[in-house]
Amino acid sequence: MKAVVIRRYGSPEVFQYEDVEPPKIKPNQLLVKVNATCVNPVDWKMRKGMLKIITGNKFPMILGFDLSGEVIEVGSQVTQFKPTDVIYGSISPSGGAYAEFAAVLEKNAALKPTNMTYEEAASVPVAALTALQGLRDLGNIQPNQKVLVNGGSGGVGIFAVQIAKALGAQVTAVCSTKNIDFVKSLGADRIIDYTQQDFTQELGQYDIILDAVAKQSFSGCKQALKPNGIYVTTLPSLESFVQIILTALIPGKKAKFILEKPNTQDLVYLKELIEAGKIRSVIDRTYPLQELAAAHTYSETERAVGKIAIAVAN
């Protein structure tokens, strides 16, 4: 099969599009013909070696977590899927979606939303699960709470705004001037243009602050939280880790870190929201798999509005 592999860490030029052996599935896995995948910031951080403490130095390596496609084969223990099923899901924590075929754990997959293209569906899992689990599981979001999403036009942010609205919250989204109308279209009740206003200076406004772009810190956002408010970051710093530990031990405002955990139940829940018209994907650009280096280069600008999709097969 064709795949994009790396044999060392580095710039996008380390990608090589070549023939490799298809994966051999385990009893609890699906062999999926990948129709589409996408680029998440974690992908290029891995490619650069920024997460070497997790990824190690086992090369060659195929990156990519999100995918949608057709089930070709199922393992002996699989009960929920059959060949020809069209699924979407995540290959966490190993990766491997930048290829024509991928092995996916049964528990990390669900049937693809019927009203989405392959590219739209492949853009959902990591980002939407991060938003859902950050708001629901860590933030304990409740109807009518005030939620702020920092980075409302980014990959995680677009889903966080929509999910928070679907769960009944009053949503404030932070974005740049050029993205105000777009973020409003996602359902945000209020927009803060970060070039004109600093949301961290608002006093005691929010029950939850989801820092979808990890550009702030708990200490920086603390005064904007209500007395029992929760700050959730997608990429903790050393300072944030300290705050997470300290705030877990004392009453009051909390700092937390979200690392999405793919599972069928949450993917089915997202599918239901998508098919009900409460969540949509927003794709900034789509690249063929052969042009993955260009897709990573664009992602690293951190200027994408929504997601960057990768078309693998038709």
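Okay, let's start with glutamate 119, which sits in helix α3, residues 118–122. Before I go on, keep in mind that this is a predicted model.

So what is the nearest side chain of opposite charge to glutamate 119? That would be lysine 112, and lysine 112 is 8.5 Å away. Glutamate 119 is buried, yet has no salt bridge. As for what glutamate 119 does touch, leaving aside residues up to four places away in sequence, we get Asn35, Ala36, Ile283, Thr286, Ala309 and Ala311.

Next up, threonine 234. You'll find threonine 234 in the loop between β12 (225–233) and α8 (238–249). Have a look at alanine 214 here: the two residues are 20 apart along the chain, and their C-alpha atoms are separated by 5.8 Å. Alanine 214 is also one of the residues threonine 234 touches, again not counting residues up to four places away; the others are Thr130, Asp211, Ala212, Val213, Phe257 and Ile258. And which backbone oxygens does the side chain of threonine 234 reach? There's the one of aspartate 211, at 3.4 Å, and there's the one of alanine 212, also at 3.4 Å.

Now for the helices. In α1, residues 41–48, there's a buried run: Asp43, Trp44, Lys45, Met46 and Arg47. The cover over those buried residues includes β3 (29–39), α2 (52–55) and α10 (292–300). After α1 comes glycine 49, with a positive phi near 90°.

Last one, helix α9, residues 264–275. α9 has 12 residues, and from first C-alpha to last it reaches 16 Å, close to the 16 Å expected at 1.5 Å a residue. Which residues of α9 are buried? They are Asp266, Leu267, Leu270, Lys271, Leu273 and Ile274. Those cover an arc of only 165° around the axis, so they end up on the same side of α9. The general point is that an α-helix has 3.6 residues a turn, so residues three or four places apart point the same way.

What lies over that buried set? The cover includes β5 (86–90), β7 (109–111), α4 (125–138) and α5 (155–166).

Finally, the two ends of α9. At the start, a side-chain oxygen of asparagine 263 comes to within 3.3 Å of the backbone nitrogen of glutamine 265. Just after the helix, glycine 277 has a positive phi of about 80°.

Technical notes. Residues numbered from 1 in each chain as written. Predicted model: local features only at pLDDT ≥ 70, side-chain atom pairs only at ≥ 80, totals over all residues. Heavy atoms only, no water. Helix = DSSP H or I, 4+ residues; strand = E, 2+ residues; numbered from the N terminus. Buried < 20%, exposed > 50% of the residue type's maximum accessible area, 1.4 Å probe, protein only. Lys, Arg positive; Asp, Glu negative; His and termini not counted. Salt bridge = Lys/Arg side-chain N within 4 Å of Asp/Glu carboxyl O. Contact = heavy atoms within 4.5 Å. Polar contact = N/O pair within 3.5 Å; in protein donor to acceptor, adjacent residues only side chain to side chain. Expected span 1.5 Å × (residues − 1). Arc of directions from axis to C-beta.
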